[in-house]
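Please read it with the coordinates open.

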Amino acid sequence: MESCETSSKTDYTAYSKRWLILLIYFYFAVMSAFQWYQYSSITNIIVRYYSVDNFYVNCTTLMFNVTFIALVFPASYLLNKVGMRWSVILGTFFTAAGALVKVASVKPGLFWVTFLGQTLVSFTQAVAMPMPPFMPAVWFPSNQVNTACSIAVNGTMLGIALGFVVPPIMVQNHDNLEEVGAGLATMFYWTAGLSTGSFILAILFLESMPATPPSHEQALKDSACAPLVKILKNLFLNPCYVLLLIAYAINQGVVNSMSTFLNQMILPYFKNGEEFAGRIGLTLTVAGMMGTTLCGIIMDRTLKYINAAMSVFALTVVGMIAFTFSLKTQSEIFVYLATSFVGFFLGGYVPIAYSFSYEVTYPEPEGTSSGMLSAAAQIVTTIFTLLYAAMISSLGNVWANIAFSLILLIGTIIHLFMQPTLRRQAAYENVVSINEPLLR
């Protein structure tokens, strides 16, 4: 029989299988995010092997933003309609299918095939990105939701980290293109095999929800159901949520754009620095994972969302400026330190934003509220990526990074205007009813 933990205040149960569910999603997120930045860390090698321009290689990353924007509403509807199990199975299927298509692209002149495979994988983001706050709310007790959310977010961040460090190791910048192709083939075969594994695990073990709710507030939500249009209207009539959406979009727009151009920012200062650029990407993401985990744990214990969000944003500004000038020193140690600093605080904002969103929009579906956060982030990322590319080519790395530091400063100031009501916490304390109007 499935073991479970029982709350001291109610008889709601948190099944031990929740950790398996979390692990399966984590695995899926790793494989999807790994392929997101798979080409960015070896941009110069891909350009030479396939004889294409930098722009087209950058588009292999940008494609994830575009398809997310196009599919976020259908994916949110699907999640609310059929549940987490079939949504994730569909996501893992496209992750594996896209990876298998790339296996057939190892030949100069077949960039269109690898781009097709990348497009199939990009479909998964509309499923993967809204899941970190949704799955913990459905499976975990109230005092573990933020921690579980941070672990789920770390799946994406670990995938990005591996996407930076693994390709430069497996695909060396050989003069002989056949050796480059052999490296690409090895990487694609491993990626396809591991992605197929996540698909099989999802089919065998994933469930949409436990037999009984894990918390009082989740039990209340089980009886609440509204059309998607009404849910979206409620979200966008919530001033605190709208401000949070803008701030989150700025945060993610900066980190995603920065990640896309790391290779191109590093190489002018470090000759033959492909592997160093990969290690910097790894450092950025691992530091972000540490920030994500720590902030998730802190949020479970304090619920000080505004203070934490403002502090993280302000320190990110400092980190961006430090990173910019560390490149000019051409000191690897300084670059590592600055990257760790900015990565920690950029990553730390993600669980804060997801959990804060869940708190102020309750009882609206977590998948929809987080999906809108991610959609805004992808739109802004698309704009920022194009802007970043234009600024780097015309003004250079320094001024591009300073400009984005100022944008992060604007994000910090936005938090001063938020006046939140922690509705999920109020439901936990039996203070508000789900029938109470969203705005008070």
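1. Salt bridge. The side chains of Lys17 and Glu207 form a salt bridge, with an N to O distance of 2.5 Å. The term here means a side-chain nitrogen of Lys or Arg within 4 Å of a carboxyl oxygen of Asp or Glu. By that rule the count is one salt bridge.

2. What the pair links. Lys17 sits in the loop between β2 (13–15) and α1 (18–36), and Glu207 in the loop between α9 (177–205) and α10 (216–222), so the bridge ties together parts that are 190 residues apart in sequence. Helices (H or I, at least four residues) and strands (E, at least two) are DSSP runs, numbered from the N terminus.

3. Basis of the values. This is a predicted model: local features need pLDDT of at least 70, side-chain atom pairs count only at pLDDT 80 or more, and totals for chains, interfaces and linings use all residues. Residues are numbered from 1 along each chain as its sequence is written, and side-chain values use heavy atoms, with hydrogens and water left out.

4. Exposure of the pair. Lys17 is buried, at 16% relative accessible area. Glu207 is partly exposed, at 33%. Cut-offs: buried is under 20% relative accessible area, exposed is over 50%, and partly exposed is in between (1.4 Å probe, protein chains only).

5. Helix α7. How many residues of α7 (131–139) are buried? Nine of its nine are, and the helix is mostly covered. Among them are Met131, Phe134, Val138 and Trp139. Pro132, Pro133 and Pro136 are also on the buried list.

6. Helix packing. α1 and α3 (residues 54–82) pack at about 130°, with their axes 9 Å apart. Axes are lines fitted to C-alpha atoms, for helices over the stretch in contact; angles run from 0 to 180 degrees between N-to-C directions. The two helices α1 and α3 are therefore oblique. Angles under 35 degrees are roughly parallel, over 145 roughly antiparallel, 65 to 115 roughly perpendicular, and the rest oblique.

7. Who touches whom. α1 contributes Ser32, Gln35 and Trp36 to the contact, and α3 contributes Thr60, Thr61, Phe64 and Asn65. Contact means heavy atoms within 4.5 Å.

8. Cysteines. The structure holds zero disulfides, a disulfide being a pair of cysteine sulfur atoms within 2.5 Å. For Cys149, the nearest cysteine sulfur is that of Cys295, 12 Å away. Cys149 is buried, at 1% relative accessible area. For Cys240, the nearest is that of Cys149, 16 Å away. Cys240 is buried too, at 5%.
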